[in-house]
Amino acid sequence: MGQSHKLQLSKDEMKAYGYQVIDTIVEHFNTEHIKKPVAFASREEMDSMFKVEAPEEASDYNEVLDFVVEKVLPNSNIVSHPKSYSFVPGPSNYVSVMADTLATGFNIFSGGWAASPAAAELEIVTMQWLLKLFKFPAKKGGGLFTSGGSMANLTALVTARRQRCGDDFSKAIIYMSDQAHSSNIKAIRVLGFKKEQVRIIPTDIEFKMAINKLKNAIAKDRLKGLQPFCILASAGTTNTGTVDPLNEIAKICKTEKLWFHIDGAYGGAAILSKKGSQLLKGIEKADSLTIDPHKWLYQPYEMGCLMVRNHKWLSETFTEKPEYLRDIEGNTSEINFYDHGIQLTRRFRALKFYMSMKTFGLNAFKKAVTYNIDLAEKAEAFLRKSSKWEVISPATLAVINFRYHPIGKSISEKELDRINQEISKRIVASREALLVTTVLQNQVVLRMCLINPRTTLADIKETLSLCENFAKDII
Ligand SMILES: *Cc1c(COP(=O)(O)O)cnc(C)c1O
């Protein structure tokens, strides 16, 4: 085999190897819908399959590849499966997969302009596309791609704190609702804030941040001599797809001089549809906005994104000038993305976004997002017409929550919780669909997140009918 002390394969070996990998991926894209979306295995089972000492000697490369294809790849949930409804699915697309392959194949360093002008340029260009979509300032606005929404939120909160508090943030207070994503709490902990510096504002009956309670909390904190500095709104909560009252929060931020961060990691992409952009009105007023292209913009992992109204806020927060980078500083129009965020060495994430947009066109993305929102509404209509199901939170930005609750039977709340939990347990155990529960207003409910453009109403009906069959056994 090739020159293995140089970690090389021969040209023919590389080709043969690569063709097999591509064949495997293409086969997966064409057959995933007839596979089962759920995988589970215990630590013992996985250990017995994989646990070995690091091998000193070489193995046949075909054997390694075959082993991985047979044993590793099938032992994961298929998040792009049409019946993968839970958490936030990852529908992905083949063009972006190939783009990632190219970016990795050429191992492009996407940190600084001098190292890869085209990579930096594509990040600038694709960011401009996004800034325009969200009606952020075209000239002053900026942003960067991150590994995901969690890193984008963390990057946003560092920036907000730097801009509003400087070095002393001992009295700084941040506000978010009880439906805000857990990554924000994590970010706050990473940043070294104390628990007492976060105000969790209750939500109203529709799961929106309660504005009156928010105003009270800010006023009380000011009376105590504390320093309110940031409100974090959700534009599409992960639980219910609910959008906080963005315009009202923007107004409060303006009068109170607070930083306005919007976590649109789940719902931001809905800006591509008419209904979505209605719901997202006010999103353009954020100081910083997280979106997550590896969710509803159909990109493979990992790709998150942070946008800001003024790109200088990022460079003011993240620029360091060490002597070993001085030769590649360049001029200011030539952006070094390592100066705009946490990572120095960065993979070339913009390429997949760029290539998939160029290949399919923005219109295809608009149609897909619109289809997803309509599909959830159709699912809602179907559930409402059924005597077995109850809608708990209406279809919002392609998320719907419901529970099994047949009419004409008196069933206690506790029993309903048990039934719905058990339905989820059985359907997951059958591996036919990935459908788990969440808790809304103390009720155990089933949640579908319908952002896969290849999921059909027929898929949903099949899944519900399977649930009904399980329910008969459970009650
Ligand atoms: C998924 C999600 C995140 C976290 O994003 P990752 O890409 O998983 O790191 C943050 N906020 C919201 C609202 C999300 O739905």
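Reader: Ile262 first. Buried or exposed?
Author: Buried. This is a predicted model, and in it Ile262 has a relative accessible area of 0%. The cut-off for buried is under 20%, so Ile262 qualifies.

Reader: Which strand does Ile262 lie in?
Author: Strand E5, which covers residues 259-264.

Reader: And how many Å separate the C-alpha atoms of Ile262 and Lys140?
Author: They are separated by 18 Å. Along the chain, Ile262 and Lys140 are 122 residues apart.

Reader: Let's do the ligand. Which residues come nearest?
Author: Ser150, Asp263, Asp292, His294 and Lys295. They belong to a set of 14 residues around the ligand.

Reader: What is the make-up of that shell by class?
Author: It has 9 polar, 3 charged and 2 nonpolar residues.

Reader: Which helix gives the most to the shell?
Author: Helix H6, residues 149-165. H6 puts in 3 residues.

Reader: I want distances. What about His294 and the ligand?
Author: A polar side-chain atom of His294 is 2.7 Å from a ligand oxygen.

Reader: And Lys295?
Author: There, a polar side-chain atom lies 2.8 Å from an oxygen atom of the ligand.

Reader: Where does Thr238 come in?
Author: Thr238 has a side-chain N or O atom 2.9 Å from an oxygen of the ligand.

Reader: How much of the ligand's accessible area does the protein cover?
Author: 85%. On its own, the ligand has 380 Å² of accessible area.

Reader: Zoom out. What domains is the protein divided into?
Author: Domain 1 is 4-34 + 39-76, domain 2 is 108-360, and domain 3 is 364-474. The centres of domain 1 and domain 2, taken over C-alpha atoms, are 37 Å apart.

Reader: What about the largest nonpolar core? How many residues?
Author: 92. Leu214, Ile231, Trp296 and Met307 have the most contacts inside that core.

Reader: Which helix gives the most to this core?
Author: Helix H13, residues 362-385, with 8 residues.

Reader: Where does this core lie, relative to domain 2 and domain 3?
Author: Between them. Both domain 2 (108-360) and domain 3 (364-474) give residues to it, so the core lies between the two.

Reader: Now Cys467. Where is that?
Author: In helix H15, residues 457-474. Cys467 counts as buried, because its relative accessibility is 0%.

Reader: And what separates the C-alpha atoms of Cys467 and Leu73?
Author: 28 Å. The two residues are 394 apart along the chain.

Reader: Switch to Thr24. Which helix?
Author: Helix H1, residues 11-31. Thr24 is partly exposed there, at 27% relative accessible area.

Reader: How far are the C-alpha atoms of Thr24 and Val69 from each other?
Author: 7.8 Å. In sequence, Thr24 and Val69 are 45 residues apart.

Reader: Where does Asn93 lie?
Author: In the loop between helix H3 (61-72) and helix H4 (94-105). Asn93 is in a loop, yet it is buried, with 8% relative accessible area.

Reader: Which residue does the Asn93 side chain make a polar contact with?
Author: Ser96, side chain to side chain. The distance is 2.9 Å.

Reader: What is phi of Leu7?
Author: Near 55°. That is a positive value in a residue that is not glycine. Leu7 sits in the segment before H1.

Reader: Is Leu7 buried or exposed?
Author: Exposed, at 80% relative accessible area. Over 50% counts as exposed, so Leu7 falls in that class.

Reader: And Leu397? What is its phi?
Author: About 45°, also positive, and Leu397 is not a glycine. Leu397 belongs to the loop between strand E8 (389-396) and strand E9 (399-404).

Reader: Leu397: buried or exposed?
Author: Buried, because Leu397 has 3% relative accessibility. So Leu397 counts as buried, whereas Leu7 is exposed.

Terms used. Residues are numbered from 1 along each chain as its sequence is written. This is a predicted model: local features need pLDDT of at least 70, side-chain atom pairs count only at pLDDT 80 or more; totals for chains, interfaces and linings use all residues. Side-chain values use heavy atoms; hydrogens and water are left out. Domain bounds come from an automatic or database domain assignment. A residue is near a molecule or strand if one of its heavy atoms lies within 4 Å of it. A polar contact is a pair of N or O atoms within 3.5 Å; within protein, one must be able to donate a hydrogen and the other to accept it, and residues adjacent in sequence count only if both atoms are side-chain atoms. Accessible areas come from the Shrake-Rupley method with a 1.4 Å probe; for residues, only the protein chains shown count as cover. Helices (H or I, at least four residues) and strands (E, at least two) are DSSP runs, numbered from the N terminus. Ala, Val, Leu, Ile, Met, Phe, Trp, Tyr, Cys and Pro count as nonpolar, Asp, Glu, Lys and Arg as charged, and the others, Gly among them, as polar. A nonpolar core is a set of buried Ala, Val, Leu, Ile, Met, Phe, Trp, Tyr and Cys residues joined through side-chain atoms within 4.5 Å. Buried means under 20% relative accessible area, exposed over 50%, partly exposed in between (1.4 Å probe, protein chains only).
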